[in-house]
Amino acid sequence: MFKGFTRFLQSPGERLKSFFGPESSAAAGLSEPRIIPRQEHPVSRQHFSDAALKVLYRLHNAGYQAFLVGGCIRDSLIGRMPKDFDVATDATPEEVKTLFRNSRIIGRRFRIVHVRFGREVIEVTTFRGKPGDDHSDHIAQQSDEGLLLRDNVWGNIQEDAIRRDFTINALYYSIADFSIHDFANGVRDIEDRTLRLIGDPATRYREDPVRMLRAVRFAGKLDFHLAPSTEAPISDLAPLLLQIPPARLFDEILKLFMGGHGLETFRLLRQYGLFEMLFPEAAEAMDELPWAEPLVEAALASTDRRIAEERPVTPAFLFAALLWGPVQLRQVAHERDGMPPIPALQAASQQVVSRQLQHISIPKRFSLPMRDIWDLQQRLPMRRGRRVFQTREHPRFRAAYDLLLLREAAGELEPGLGDWWTAFQNADEHEQRRLLDKVGANPAGSGAPGKRRRRRRKPRGDNTGGDNGNG
């Protein structure tokens, strides 16, 4: 897949040193890049999608500068096949849209262009500059706390590099001569496996608190360590995440937990005090219930394995595990107040979801299945009659069964019920009847599905006499 890349992957750190030589500090030389010619780096157009190349060449042929930037270049240097391709250019969004009929301008806070090729979307951004006092609020705006509300000031490539978040993402691949422009010593930080913010970390986090989540996500995904200066302000500034719209945080949660490195990312979120800003009630449950955190870790580990095996995953299951602890705490409280178990669970579910939506939006296409998974936790122990088969045929049964197994493994429940359902799913009809017998079901009666016996109708009598059933 990476032609001529095997030798590079055997010792990427040493080979990067031989390619690029010693570097000065990341804080210096941001305006003048180190330009690495094609023959001195391993990044090849063969690593890029056809759609990305079409965008680059059309911009270049129209007289604009065109660079691949950020994660795709970083991943190529690390030895991973890049998946997402972002293009940076000096063309304005309107000029880009003129070149590509299959495009649309999106965003108000940051205006970008999405160029669509079937299912693949290439994101094109215009070089950004530094906002000045002469820019009106509809172009550039910042809150009193330093949060960037709008940033649509166009600039040159040097200014754009300084505006990027991490040094390892300030790497630009030129389609004109296939060179890499390194503006912030990102190559050296890749070699050292270091994640470092460009500029003053506290200021950059205040501009966009989501950068704290990105720092943790990249550290977990790439197995990098945070530079001391990048790491230091996170715990104190974590509450800034409460300023971020819940809809935007939902997208970030998917990136954090559904990228194949969710378990390590979760542990970093806990370490830096970020998790409680995203899931406050879940964090409270973890402090109170000894099984709550092991349950979440087991769910994340399972999700990571499924992603590695290219098996399907759904956010509904992950959210069900993340919020099960809070649901149980509230359900127990309702039952203490005299509420029956099923209404108690339903009330607890509603309250937990309502509070969570204040922090992270969960679309109904995920929140409704999540609640089904919770409801089934009360149906799984009920193994009598036709109910067993109705439960097994429920569309959320498999996810509910998986959560049951995790609950047992985490120590919330005594083992046994999960084994029973495992055996029941794999059993033939005879063995299913035996399993039902063990829990007291009547295998000859309504325990197994089958044709109903038709009741024989009594002859309809007249109104003049005879036995009509009323005695």
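Trainee: Is Phe-48 buried or exposed?
Mentor: The model is a predicted one. Phe-48 is found in the loop between β1 (34-36) and α3 (50-61). Buried means under 20% relative accessible area. The relative accessibility of Phe-48 is 5%, so Phe-48 counts as buried.

Trainee: Which residues is Phe-48 in contact with, leaving aside its neighbours within four places in sequence?
Mentor: One of them is Ser-76, 28 residues from Phe-48 in sequence and 9.5 Å from it in space, C-alpha to C-alpha. With neighbours within four places left aside, the residues in contact with Phe-48 are Val-43, Leu-53, Leu-68, Ile-73, Ser-76, Phe-85 and Tyr-173.

Trainee: Are α19 and α21 roughly parallel or roughly perpendicular to each other?
Mentor: Helix α19 covers residues 364-379 and helix α21 residues 397-410. Their axes are 9 Å apart, at an angle of about 65 degrees. Angles of 65 to 115 degrees count as roughly perpendicular. The two helices, α19 and α21, are therefore roughly perpendicular.

Trainee: Is the crossing of α19 and α21 left-handed or right-handed?
Mentor: The crossing is between two helices that pack against each other, α19 and α21. For α19 and α21, the hand of the crossing is right-handed.

Trainee: How many nonpolar, polar and charged residues does the contact of α19 with α21 have?
Mentor: From α19 come Ile-373, Trp-374, Leu-376 and Gln-377. They meet Phe-397, Ala-399, Ala-400, Leu-403, Leu-404 and Arg-407 in α21. By class, the contact of α19 with α21 has 8 nonpolar, 1 polar and 1 charged residues.

Trainee: How many aromatic pairs does a search of the whole structure find, and is the pair of Phe-275 and Phe-279 stacked or edge-to-face?
Mentor: The search of the whole structure finds 18 aromatic pairs. In the pair of Phe-275 and Phe-279, the centres are 5.3 Å apart and the planes are at 25 degrees. Planes under 30 degrees apart count as stacked. The pair of Phe-275 and Phe-279 is stacked.

Trainee: Why is the pair of Phe-397 and Tyr-401 stacked?
Mentor: Both residues, Phe-397 and Tyr-401, lie in helix α21, 4 residues apart, about one turn of the helix. Their ring centres are 6.0 Å apart and the planes are at 20 degrees, so the pair is stacked.

Trainee: Which residues form one aromatic cluster with Phe-275 and Phe-279?
Mentor: Phe-275 counts as buried at 0% relative accessibility, and Phe-279 is buried with a relative accessible area of 0%. The cluster holds these two together with Phe-250, Phe-266, Phe-319 and Phe-366.

Technical notes
Residues are numbered from 1 along each chain as its sequence is written. This is a predicted model: local features need pLDDT of at least 70, side-chain atom pairs count only at pLDDT 80 or more; totals for chains, interfaces and linings use all residues. Side-chain values use heavy atoms; hydrogens and water are left out. Axes are lines fitted to C-alpha atoms, for helices over the stretch in contact, and angles run from 0 to 180 degrees between N-to-C directions. Angles under 35 degrees count as roughly parallel, over 145 as roughly antiparallel, 65 to 115 as roughly perpendicular and the rest as oblique. A crossing is left-handed if the near helix is turned anticlockwise from the far one by less than a right angle, and right-handed if clockwise. Contact means heavy atoms within 4.5 Å. Ala, Val, Leu, Ile, Met, Phe, Trp, Tyr, Cys and Pro count as nonpolar, Asp, Glu, Lys and Arg as charged, and the others, Gly among them, as polar. Rings of Phe, Tyr and Trp (its six-membered ring) pair if their centres lie within 6.5 Å; planes under 30 degrees apart count as stacked, over 60 as edge-to-face and the rest as tilted. Buried means under 20% relative accessible area, exposed over 50%, partly exposed in between (1.4 Å probe, protein chains only).
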